[in-house]
Amino acid sequence: MTPNRRQFLGAVTAASLTGLSCAPTDSAPDGARAAGSAAGPAAGSAAGSAAGSAAGAPSGANDPLGVRGAFPVTRELVYLDNAYITPSPEVVVQAGQAFLDAKASGPVSLGEMLAENDRTRGLFADMIGASLAEVGMLYATSDGENIVSKALDLGEGDNVVIDDLHYETTYLLYQELARSSGVELRRVRSQAGGAHPDLFARHVDDRTKLVSVAWVSHENGFQHDLGGLAELAHAHGALLYADAIQGLGMLALDVKESGVDFLTAGTYKWLLGGFGVAPFYVREELLERVGVDRYGSLHVSEDLGDFRYRIYSDARKYGYATFGFGAVYQLRAALEFLQEVGVDRVEGHTVPLAHRLREGLLAQGYPVWTPADNRSAIVTFDHGRDVGRVRSDLERAGVKVSLKRDGIQIRAGVALFNNANDVDSLLELTGRWA
Ligand SMILES: Cc1ncc(COP(=O)(O)O)c(C=O)c1O
């Protein structure tokens, strides 16, 4: 493991961080506002870390990771809607603001923005154990699978295997490809909220070209076993794609250990960033096979003269034109923040809180759609009560969750800034309804 990746895994301990940052915890929220100082474009974006991000404030039972002071949302709400949109810490807001300020007072050079993009790609690569060459920048999660599926040249007789815990994008994409190219879409039916490799094995064969999953499902938080799926896919000459938007930032992942071939993650959820950028990982050996599916000036690596150009051979080729650079600045600050906190500490904090919620709900008699011992921070259950009452009780209590399936289902996601009191606030409401 590289030292950079080790940093993302919380090798920088909370104790060593306390010297870095001066932000207080819950008890003195206002002071936290002064603590952040994002290194935005005007401030010289090469400036090192998000020091002062409040990622290293003293921890306590109410705030084990010492981060609550960095998240204004904790002063307003019991925010458990993180699987929908995760609030950003102040340092990320400041990084975005600094970019806007710099643009308002003069042009931010393209070279500077591209350099920031490369730093951000580097941080993301460190987080997932990839090389810089394997990480490109796209606009949204859906872009990654669009690019991969087109590059695989799917046709009659081929099949793609997905499951019923996958996101809408994937269904739309392969239904359209099935219509236009004749590729077969095979759907694995989850059992008891899970879709383990043995269920996929019933559908994968030697004509399978791709197995695709939402690593952590937006439906019920089920974490797919990427290692087992990669092994299965590779044994049949197929490849594994992961939509990682609901997992990265919440869970530690080493792409090399997992064997996943491609992944993409939008950044507005657990990665704590904004909208408009999505890092895309392509295993090095596949970079040549996965070509570009559109063209623009920004993936030119060399001007060969006479209007002829060479395109990057590494994953920079996927970023073909100017994109949401503001979100790149936000993402860099967000990744530095996560690096300071340590993603494995986030996992170690949030997953047990999700288990606490799940067990509490089961004890109150609710049908829970998230399987036991699941390693993610998302829990989904049916409340079985009048939707209007549930909505107004949640609002009155200041508890934010997702209401799904016409309001009958609740999805809660526990983020790094949540604590046991937040989980218990939801359990108090559900206890009343029960
Ligand atoms: C599993 C999953 N994939 C993808 C997305 C969003 O996709 P995109 O970034 O392409 O808008 C979501 C949003 O909720 C999601 O939960």
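1. Let's start with a helix. The buried residues of α12 are Val343, Arg345, Val346, Glu347, His349, Thr350, Val351, Leu353, Ala354, Leu357, Arg358 and Leu361. Here "buried" means that 20 or more other C-beta atoms lie within 10 Å of a residue's own; 12 or fewer makes it exposed, anything in between partly exposed, and C-beta atoms are placed from the backbone. An α-helix has 3.6 residues a turn, so residues three or four places apart point the same way.

2. Before you go on, two reminders. This is a predicted model, where local features need pLDDT of at least 70, side-chain atom pairs count only at pLDDT 80 or more, and totals for chains, interfaces and linings use all residues. Residues are numbered from 1 along each chain as its sequence is written.

3. Back to α12, which covers residues 343-363, 21 residues in total. From first C-alpha to last it reaches 30 Å, close to the 30 Å expected at 1.5 Å a residue (the expected span is 1.5 Å times one less than the number of residues). After α12 comes Gly365, with a positive phi near 95°. Helices (H or I, at least four residues) and strands (E, at least two) are DSSP runs, numbered from the N terminus.

4. Now for two loop residues. Most residues other than glycine have a negative phi, and most peptide bonds are trans. Leu272 isn't a glycine, yet its phi is positive, about 70°. You'll find Leu272 in the loop between β7 (262-264) and β8 (278-282). Is Leu272 buried or exposed? Leu272 counts as buried, because it has 29 C-beta neighbours inside 10 Å.

5. Asp306 also has a positive phi, near 55°, and is a residue other than glycine. Look for Asp306 in the loop between β9 (300-305) and β10 (308-311). Asp306 has 5 C-beta neighbours inside 10 Å, so it counts as exposed.

6. Next, the sheet. Seven strands make an open sheet with mixed pairing, in the order β2-β8-β7-β6-β5-β3-β4. At the edges sit β2 (135-138) and β4 (184-188), each pairing on one side only; two strands pair if DSSP finds at least two bridges between them. Inside the sheet, β5 (residues 208-214) and β6 (residues 239-243) run parallel, joined by five bridges. Leu210 has Leu239 of β6 as its bridge partner.

7. Finally, helices on the sheet. Helix α5 (residues 110-128) lies across β2 and β8, at about 120° to β2. Helix α6 (residues 141-151) lies across β2, β5, β6, β7 and β8, at about 150° to β7. Axes are lines fitted to C-alpha atoms, for helices over the stretch in contact (C-beta atoms, placed from the backbone, within 7 Å), and angles run from 0 to 180 degrees between N-to-C directions.

Technical notes. Two residues are in contact if their C-beta atoms, placed from the backbone, lie within 7 Å.
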